[in-house]
Amino acid sequence: MTKVEELAGLGHLLVFAFLFCFSAFMVAPVMTDVTMAALCPGRDECSLAIYLTGLQQAVTGLGALVLTPVVGNLSDRYGRKALLALPATASIVPLGILAYGRTKGYFYAYYVTKTLTAMVAEGTMMCLSLAYVADRVPETRRAAAFGVFSGVCSAGFVASTVAARFLPASSTFQVSAVAAVVTAVYMKAFLQETDGGASISSSCSSSSSNSDEEASRPLCLPSSSSSEEASPRLPPLRKAPSLSELAATLTSSSTFSRAAVVTFFHGLGETGLLSTLLYFLKAKFHYSKDQYANLLLIIGITGSFSQLTVMPLLVAKLGEQKLLVVALIASCGQAFLYSIAWSFWVPYLAASSVILSMLVTPCIRSIVSKKAGPFEQGMVQGCITGISSTASVISPLIFTPLTAWCLSEATPFYLKGFSLACAGFATLVAFATSISMRPGEVQTDRK
């Protein structure tokens, strides 16, 4: 399969990813102001808003920890498209609530529904989409394909931030809700099922024996049938993966184990940074909606450029392991620079480092994808997403009270960015672990 054919096969997925990110991230620049206006009107510091944001992230991460590996495993049997309908439709409801009203009552209604739907929408969309890419793209070009996919997601983030920059708050939520509906309709109408997952299991089921042991393990390779064919007959679901099976998957090789550690500590630091940064900027520099949008635009444009153009070039020369080390160094430096920001323009400078730090996730996803078989892509990507969700559960428990304490008047020292520095130290642990990965370990397992 040529590169042109690969991109054509992924075209509808990339459009879906762009629309999904466009609708999901459009509300990000205004959510801090909307939250504080509903909970603490007229104030620049609000501990309740920080604690509620941290609680939402913890509950969402806990739910995603349980659901994402299960949904990934289901996609190995039922197909990627069938399961992508879950995040596509679940994200519509909370946006519709704030599109209707943004008073305190509507905010709490949004808060509850967003917490519940995010368990399904946030982690599973990325997990299933990356499994879809792995089904379509050969291993030798998979790292670059993951980077292109992440770059398209960043482009959706940029477009949504531009829209939020010039739209009033009420119109922002209305446009976001309409975009979410369009995303679900587009996915249902145009996205084609892959030759992996359910289609493989279906084609193999006729040649497999009736024993439970053989029926649970496909024994033939994917057929070369056209993606234009009808969706395959779905095999019966036997059971969801247990925690012991997930643990066995992650400990089956040193590569999986180290990738899990890197994912956890990077997720711990990244979640802690993202969940506290906007409140830190509000308290120290009195950032407004437009300044948030400008900062997020720098992050989005730089990240999109990096994943679409820089990563394919660097991964061909350095390989995933070395590029992962470089990206983690940049991620550490970014967090430390945020923490010591002495003027309102310093966060803009720190945001430019995402040209390298944004490459951490595509590198990890490519490394574990090469170590997994064609029948395990959904499971493995779901496990990595589940580990990231575990970090999302733990991170708010650490950084939420720490940030509230650092921004309050009770702190014994004046360093409002101390929690951001702690996020940098968590990423530093991920960097130290990534060094122990030998380049030969991340090559494809031919066993």
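# Briefing: helices, pairs and contacts in a predicted model

The structure holds one salt bridge, a term for a side-chain nitrogen of Lys or Arg within 4 Å of a carboxyl oxygen of Asp or Glu. This is a predicted model, in which local features need pLDDT of at least 70, side-chain atom pairs count only at pLDDT 80 or more, and totals for chains, interfaces and linings use all residues. Residues are numbered from 1 along each chain as its sequence is written, and side-chain values use heavy atoms, with hydrogens and water left out.

**Overall make-up**

- The protein chain has 19 helices and zero strands; helices (H or I, at least four residues) and strands (E, at least two) are DSSP runs, numbered from the N terminus.
- Of the 447 residues in the protein chain, 55% are buried; buried means under 20% relative accessible area, exposed means over 50%, and partly exposed is in between (1.4 Å probe, protein chains only).
- The protein chain exposes about 18,500 Å², and carbon and sulfur atoms supply 67% of that area. Accessible areas come from the Shrake-Rupley method with a 1.4 Å probe, and for residues only the protein chains shown count as cover.
- Among contacts in the protein chain with a separation of 6 or more, 84% are between residues 24 or more positions apart; contact means heavy atoms within 4.5 Å.

**Salt bridge**

- Asp 135 and Arg 80 meet through their side chains in a salt bridge, with 2.7 Å from N to O.
- Asp 135 lies in helix α6 and Arg 80 in helix α4 (residues 80-90), so the pair ties together parts that are 55 residues apart in sequence.
- Arg 80 is buried, because its relative accessible area is 0%, whereas Asp 135, with 22%, is partly exposed.

**Aromatic pairs**

- A search of the whole structure finds 10 aromatic pairs. Rings of Phe, Tyr and Trp (its six-membered ring) pair if their centres lie within 6.5 Å; planes under 30 degrees apart count as stacked, over 60 as edge-to-face and the rest as tilted.
- One of the pairs is Phe 25 with Phe 157, which is edge-to-face, with 5.2 Å centre to centre and 80° between the planes.
- Phe 25 belongs to helix α1 (residues 3-25) and Phe 157 to helix α7 (residues 142-166), so this pair ties together parts that are 132 residues apart in sequence.
- Phe 25 is partly exposed at 35% relative accessibility, and Phe 157 is buried at 13%.
- The rings of Phe 107 and Tyr 111 have centres 6.2 Å apart and planes at 40°, so that pair is tilted.
- Phe 107 and Tyr 111 are about one helical turn apart, because they are four residues apart in helix α6 (residues 104-136). Both Phe 107 and Tyr 111 are buried.
- Phe 107, Tyr 108 and Tyr 111 form one aromatic cluster.

**Buried polar residues**

- Thr 115 lies in helix α6 and is buried, at 8% relative accessibility.
- A polar atom of the Thr 115 side chain lies 2.7 Å from the backbone oxygen of Tyr 111.
- Leaving aside neighbours within four places in sequence, Thr 115 is in contact with Gln 56, Val 59 and Thr 60.
- Gln 334 is in helix α14 and is buried, with a relative accessible area of 8%.
- Not counting residues up to four places away in sequence, Gln 334 touches Ala 350, Ala 351, Ser 353, Val 354 and Ser 357.

**Helix α13**

- Leu 308 is found in helix α13 and is partly exposed, at 35% relative accessibility.
- Leu 308 and Val 148 are 160 residues apart in sequence, yet 4.9 Å apart in space, C-alpha to C-alpha.
- Leu 308 touches Gly 147, Val 148, Gly 151 and Val 152, not counting residues up to four places away in sequence.
- Ala 316 is also in helix α13 (residues 289-318) and is exposed, with a relative accessible area of 64%.
- Ala 316 and Thr 140 are 176 residues apart in sequence and 9.8 Å apart in space, C-alpha to C-alpha.

**Nonpolar surface patch**

- Ile 340, Trp 342, Phe 344, Trp 345 and Leu 349 make a nonpolar surface patch of about 560 Å². Patches are made of residues with over 30% relative accessible area and no salt bridge, where like charges are joined within 9 Å and nonpolar side chains (Val, Leu, Ile, Met, Phe, Trp, Tyr) within 5 Å.
- Trp 342 sits in the loop between α14 (320-339) and α15 (346-351), and counts as exposed at 55% relative accessibility.

Conventions:
Polar contact = N/O pair within 3.5 Å; in protein donor to acceptor, adjacent residues only side chain to side chain.
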